[in-house]
Amino acid sequence: MSGSMARPSPEQLLTLLKSRRVCRSFTEEPVSDDDLRMMTEAARWATSAGNRHIHKFLVVRDPAVIHNVRTVSPGMLTAPPALIVILTDLEAAARESLQLEHDHANWMDVGTAAMNMMNMAHALSLGSCPVTSFSRSGAAVMLDLPPHLIPEWLLIVGHPAPAPRPRRLGANAPKPVAARDLTWWEQPGRHEP
Amino acid sequence: MTSSEGDSPQMVLTEDQAFGLLAFLVCSAEISLVEPTYYGTFRLVDAASRLMGFMLEHDPERSHEFLERFKEEVDTKKVWMMWDREAYYDFLRSAPAAVAAEVKRREETASPAAGDDQA
């Protein structure tokens, strides 16, 4: 990487990462093609095991198609203005001699592409929400996918609607998780260096 | 689709809405094979919410008020699953009584002429 490349400061990047939340309520304002291109550009630059790029990103804006996909996606709690589907291309995987049934890197690559898109959406002042609770076979029909394209993951995107009133947590609600809770130093269970 | 009882059978679901619910239910059944077990409860109450939404579109005269109120409660409390699971479970335990009371109220306020076996 070029040393002269402009980069966000660590503080700026952390602020972006920490302020992102899933968004399940959108206005009717369409998402611009430029914004969607920025998101798929971010996905392209996600880590890809072996630099093999076996995933495709299908952008869907047609409300009728989105409605149909939602019909087979119980986890899609709202109809968004736009949808990006991460697909595994089985033909590309075959060219790379991948054994997908044993290859966990496939899922990691889906995750890193998804995360890049969500962070880019946030940077663009868009809201997004991942959807994993959908029927793969049902979505394939609704999206007219050929057999070699497997829908792995959906990202709903739109301009955030005004936030609902803050939720009141009960006494039994889980406490917020800090990085410290998840991080060990040198040995499992040791929280601070 | 119409209600099968009562003195004024009323459309409560169009064919398209019924198919939408059908797809939701069978897809929920499939994904429940791989998701955390408690997600299944969420799918069922979410399906109930969608059903009530469809019913409300047909302005059900006898239960509009109940459906409107109960749907709002379901939509508010179903998402507690994500951050306050005990409160969510408490809601699940309380919800059937609310529906049962409405079913009973409907029976008690139905016209005597509505029952097939009542002359």
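Residues are numbered from 1 along each chain as its sequence is written, and chains are lettered from A, with ligands numbered from 1, in the order in which they are written. In this predicted model, local features need pLDDT of at least 70 and side-chain atom pairs count only at pLDDT 80 or more, while totals for chains, interfaces and linings use all residues.

**The sheet of chain A**

Helices (H or I, at least four residues) and strands (E, at least two) are DSSP runs, numbered from the N terminus. In chain A, four strands form an open sheet in the order β1-β2-β4-β3, with antiparallel pairing. Its edge strands, each pairing on one side only, are β1 (55–60) and β3 (127–131) of chain A. From one strand to the next, the twist averages 25 degrees. Two strands pair if DSSP finds at least two bridges between them.

The table lists two of the pairings.

| Strand pair | Sense | Bridges |
|---|---|---|
| β1(A) and β2(A) | antiparallel | six bridges |
| β2(A) and β4(A) | antiparallel | eight bridges |

Within β2(A), A:Leu87 stands opposite A:Lys56, and A:Leu83 stands opposite A:Val60. A:Leu83 also has a bridge partner in β4(A), namely A:Ile156. Strand β2(A) is mostly covered, since seven of its eight residues are buried. A residue is buried if 20 or more other C-beta atoms lie within 10 Å of its own, exposed if 12 or fewer, and partly exposed in between, with C-beta atoms placed from the backbone.

Helix α5 (residues 105–123) of chain A lies across β1, β2, β3 and β4 (149–158) of chain A and runs at about 15 degrees to β4(A). Axes are lines fitted to C-alpha atoms, for helices over the stretch in contact, and angles run from 0 to 180 degrees between N-to-C directions.

**The nonpolar core**

A nonpolar core is a set of buried Ala, Val, Leu, Ile, Met, Phe, Trp, Tyr and Cys residues joined through C-beta atoms within 7 Å. The largest one has 40 residues, of which A:Leu83, A:Met117, A:Leu154, A:Leu155 and A:Val157 touch the most other members. Elements that each supply at least two residues of this core include β2 of chain A and α1 of chain B. The most comes from α5(A), with seven residues.

**Helices of chain B and the chain contact**

In chain B, the axes of helix α1 (residues 15–31) and helix α2 (residues 39–57) come within 11 Å and cross at roughly 175 degrees. The two helices α1(B) and α2(B) are therefore roughly antiparallel to each other, a term for angles over 145 degrees. By class, their contact has six nonpolar, two polar and two charged residues.

The contact between the chains takes twelve residues from chain A and 14 residues from chain B. Residues are in contact if their C-beta atoms, placed from the backbone, lie within 7 Å. The side of chain A that touches chain B has six nonpolar, six polar and no charged residues. Ala, Val, Leu, Ile, Met, Phe, Trp, Tyr, Cys and Pro count as nonpolar, Asp, Glu, Lys and Arg as charged, and the others, Gly among them, as polar.

Technical notes
Contact = placed C-beta atoms within 7 Å. Parallel < 35°, antiparallel > 145°, perpendicular 65-115°, else oblique.
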